[in-house]
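Reader: Walk me through this one, please. Keep it brisk.

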Amino acid sequence: MPEDRRARQRTGAGVGLVLTLALAAVLLTALPKDHDREGGAACPARTVRSWSADTQLTNSFAAYGDDATRTDDWTGGDGTHSVRLPDGRVLWLFSDTYLGQVHGPPNPVGESYVWRDTTAPLVRNSAVVMHAGHPQLTLPAPLFPDPAPNEWRWPVAARVEPRSPGSAESVVRVLLWTRTAGAYPWIYGVPTATEVATLSLPDLRVESIVKVLDQRLVQDPSRRLQFGTTLVAAGGWTYVFGGNDAQAAARPTSSAYVARVPEGRLGEPGAWEYWDGSAWTARAGPRAVLGDGQHTGVGSAFSVVRDGRTYVLFTMAAGSRGLTTVTSYWACSPVGPWHGPDRGFSPPLPAGQVAAYNPQTHPALGGDGRIVLSYDVNWLEATATSAAWNLSRNVSLYRPRFVTLRLGPPSR
C-alpha cells in the first residue's frame, strides 16, 4: 500500500431566480457551519509526549496469522485500517494480503520462524473481524473485486454513517484507492481513482462502489491525488485527507490535501468539496495543505486525529529516517497551517532489512487520552522475488505492529 515500499510482490429569471435564491438560502442554513477555516480559533500545540509498544494487540494478530486450522484466512498484510461497528465488533481492512497455510518452524533454511510456501495466495485486499479484542474471522477475500484487468482496489479509511441523511439505518462506507499496473517507478501501481464502497450491516456485504474522484486524465502520475488515507469528523463535516504519490517519482516527501463532505454523505460524489488554498470548492483542483517536497510533507499514507481543538498528523519522516521514524505535525484547522515536524520516535522493528511505513491511528481502540497507532513492516530488497521470499520464510514480518501514544504540549 502507499508509502515508500521498495519491496512488494506485484509485480430564465423572475420567479425562477427567486426560487433559486430561496433554495440556496435553505441549503446554506441546513449545511454545517464552517468553523474550521484557516485563521480560526487558537489551539494548543501538541506532540507525542510518550509512547510504548502495544505487545498485546501486536501478538493478537500474530496468533491469528499463525493459526493453521484454516487455509482461506489472513496470514499477513499491510495497509492497516479499522472501524468500530455498532454491535461492538471492529472491522479491520488490509491491502495486499497473504492467505493460505502457514507452517511451524524450522523454515526450509533451518531458521526458527513460522513460514509459508512461496506459492501461497496473495490478494489485493482483505477484511478481518475482531471481537472482544481478538481477530476471529476473515471475510471472503478479496472483499472488493478488481475493477478491470490490471487494476485493483486498496481499502483505506472507513466509518459508520446513516444510509442516507436522517436514516435510522447505518452502513459502513469504505474509501478505496484504485491503482493500475504500471512500469517503473510505478511498480506498486499508478494512482487511478478514489471510490467509496457501501457495506451492509451487520453482514458486511458489499452493496455498491461509487467513484468520487477520477484521475485518469491527469497525465503526470505523481500529480494524481487519492483521498481517504484518514478521516476526521468535526463540526458536521467529515474531513477526508489524501495525497499524491510524489515519492514514487523520487521526491523525498509527498503533499497532503484535504476534502470535506457533510456527515452522512461520503457516498455522494456531488457532496464532496476540496480545499483550493482559500475556499472550499466542488472543483477537484485542490491545493496542498502540507508539503514542500523536500523537508516537510507526508508519505502517501498518513493519519490525522483531533485532540480537543488541535489536529495532529502522523506520518513517516522525510528522507532516510522515513524507513524507521514516525513524526507528527499539528494545526488548529484541517487546512492548516501545519506546524512541524517534531523529532519523532522510532517504534520497534524486527531484525533484517526491514522498514516501517503507513502509520495509522485507530480511534476504536483508544480512550482516556491514549491513541493506538499501527505501522506496517516490509522487507527492503532490490527485487520483488527476493522480497517475497523473505516475507515467506518469516511470516511475522508482513504484519501490523502497534504502539500506544499520549499527546501533550511540546517540551521546552
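Reader: Where does P341 sit?
Author: P341 is in the loop between β20 and β21. Strands here are DSSP runs of E, at least two residues long, and helices are runs of H or I of at least four, numbered from the N terminus. This is a predicted model, where local features need pLDDT of at least 70 and side-chain atom pairs count only at pLDDT 80 or more, while totals for chains, interfaces and linings use all residues. Residues are numbered from 1 along each chain as its sequence is written, and side-chain values use heavy atoms, with hydrogens and water left out.

Reader: OK. Cis or trans, the bond from G340 to P341?
Author: Cis, with omega near 10°. A cis peptide bond also joins P105 and P106, with omega about 0°. P106 is in the loop between β5 and β6 (122-123).

Reader: What is the mean pLDDT of the chain?
Author: The mean is 88, and 88% of the residues reach 70 or more. pLDDT is the predictor's confidence in each residue, from 0 to 100. Over residues 1-39 it is below 50. That stretch still has 89 contacts in the model beyond near neighbours in sequence. A contact means heavy atoms within 4.5 Å.

Reader: How many disulfides?
Author: One, counting pairs of cysteine sulfur atoms within 2.5 Å. C43 is joined to C332, S to S 2.1 Å. The link is left-handed, with -90° about the S-S bond.

Reader: What does the pair tie together?
Author: C43 lies in the loop between α1 (15-30) and β1 (47-53), and C332 in the loop between β20 (326-331) and β21 (354-361), so the link ties parts that are 289 residues apart in sequence.

Reader: And C43, buried or exposed?
Author: C43 is buried, with a relative accessible area of 12%. C332 is partly exposed at 25%. Buried means under 20% relative accessible area, exposed over 50%, and partly exposed in between, with a 1.4 Å probe and protein chains only.

Reader: New topic. Which strand holds Y375?
Author: Y375 is in β22. Y375 is buried, with a relative accessible area of 2%. Its side chain reaches the backbone oxygen of P348 at 2.5 Å.

Reader: What else is Y375 in contact with?
Author: Leaving aside neighbours within four places in sequence, its contacts include P347, L349, Y357, R399 and F402. R399 is 24 residues away along the chain, with the C-alpha atoms separated by 8.8 Å.

Reader: Where is T194?
Author: T194 is in strand β11 (residues 190-199). T194 is buried, with a relative accessible area of 1%. Its side chain reaches the backbone nitrogen of F227 at 3.0 Å. Leaving aside neighbours within four places in sequence, T194 also touches residues including L175, W177, V210, L213 and L225.

Reader: Which residues of α3 are buried?
Author: In helix α3 (residues 384-393) they are A387, A388, N390, L391, S392 and R393. What covers them includes β5 (97-98) and β22.

Reader: What does the side chain of N390 make a polar contact with?
Author: The side chain of R393, at 2.7 Å. A polar contact is a pair of N or O atoms within 3.5 Å; within protein, one must be able to donate a hydrogen and the other to accept it, and residues adjacent in sequence count only if both atoms are side-chain atoms. N390 has a relative accessible area of 6%. N390 also touches W379, E381 and L397, not counting residues up to four places away in sequence.

Reader: And phi of D368?
Author: Near 55°, a positive value in a residue other than glycine. D368 is in the loop between β21 and β22 and counts as exposed, at 75% relative accessibility. N150 has a positive phi too, about 65°, and is not a glycine. N150 is in the loop between β8 (134-138) and β9, exposed at 58%.
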